Amino acid sequence: MAQGRYNAQQIEAFTQQALTDGFCVLPQHFSPAILAAWRDAFAPLLDAHITREGHLPNRGPSRYYVTLPFAAPFAEPKLFEDEDLLAVVEGLVGKDAVMCQLATDTPTLGSDYQDVHRDTPPLFPEWGRETPPYQLAVNFPLVDVTLETGPIEIARGTHMMSKEEGLSRLASGAVALEPIMMRAGDVMIRDVRGLHRGTPNRTKTPRPMVVMGYSRRWLFRPEVSIRIPRAGLDALSPRARQLLRFNPIVESLDADGNEVYQSFAY
Ligand SMILES: O=C(O)CCC(=O)C(=O)O
């Protein structure tokens with residue numbers, strides 16, 4: 001098996017941190033050259049998105065959710081099949097995870113604080129308790145994230161309690177929202193139940209944060225998908241095909257409609 005950067009103990013430490021805090025960060029993990037190519041290719045996609053549906057600011061003003069096409073440079077196994085990343089993902093959501101989302105969250109000048117939210121409802125709301133993790137966001141920025149460009153803020157440990165309990169602990173000061181500053185190359189693995197919010201980007205430089213979604217093998221998320229071009233299937237490794245197995249295979253990536261992932265906050 002290919003080796004990652006980290007040994008088994010280190011992977012276990014990252015996994016435990018994500019189980020406790022709701023997230024962990026692999027510092028300077030992804031290649032600057034690959035991220036530079038993504039940054040260049042993303043800029044026109046963001047412009048086109050704003051032209052097409054910028055009038056639908058469902059994530060808040062001047063903040064955009066843009067799905068990435070599963071094509072070069074974004075269909076990059078060095079990132080979505082990264083050994084360390086997949087090892088932590090397996091430690092959190094078990095063997096045979098599915099990858100179901102490849103997109104970006106980008107606050108631009110004029111964006112604001114979002115309401116504190118989670119990205120998924122609990123699996124069993126009537127139970128009043130949380131389960132082990134089942135849905136992860138792997139987040140990595142295409143630019144350095146500073147206080148000025150609008151870091152995500154996360155309240156540690158709130159993924160394992162109800163939203164009401166988390167909000168009441170925030171109100172009492174028992175937990176706090178922390179801005180997570182990241183440099184391009186850093187990779188965050190996040191349980192999407194942790195309470196969080198986007199903050200304003202006060203600069204003229206958009207701040208794209210990629211989100212690669214990984215879930216338990218049995219979780220289906222109809223609100224997101226990765227359209228896989230048939231012509232690219234043969235180039236994928238058996239592991240990549242397995243990770244992507246529940247996504248639609250399409251003849252062409254053209255004629256993509258508006259974003260369908262509109263309801264995102266729970
Ligand atoms: O990337 C960010 O700033 C977080 C945005 C966010 O939480 C969302 O739009 O659901």
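Serine 62 counts as partly exposed, with 18 C-beta neighbours inside 10 Å. Here, buried takes 20 or more other C-beta atoms within 10 Å of a residue's own, exposed takes 12 or fewer, and partly exposed is in between, with C-beta atoms placed from the backbone.

This is a predicted model: local features need pLDDT of at least 70, side-chain atom pairs count only at pLDDT 80 or more, and totals for chains, interfaces and linings use all residues. Residues are numbered from 1 along each chain as its sequence is written.

Back to serine 62. Its phi is positive, about 55 degrees, yet serine 62 is not a glycine. It sits in the loop between α2 (32-53) and β2. Helices (H or I, at least four residues) and strands (E, at least two) are DSSP runs, numbered from the N terminus.

Next, aspartate 96. Its phi is also positive, about 65 degrees, and aspartate 96 is not a glycine either. Look for it in the loop between α4 (83-93) and β3 (98-107). Is aspartate 96 buried or exposed? Exposed: 12 other C-beta atoms lie within 10 Å.

Now a peptide bond. Alanine 72 and proline 73 are joined in cis, with omega about 0 degrees. Proline 73 belongs to the loop between β2 (63-67) and α3 (77-80).

Last, the ligand. Which residues are around it? Arg59, Asp105, Pro107, Gln114, Asp119, Ile152, His196, Gly198, Met209 and Phe264. The cut-off is a C-beta atom, placed from the backbone, within 6 Å. By class, that shell has four nonpolar, three polar and three charged residues. Nonpolar covers Ala, Val, Leu, Ile, Met, Phe, Trp, Tyr, Cys and Pro; charged covers Asp, Glu, Lys and Arg; the others, Gly among them, are polar.
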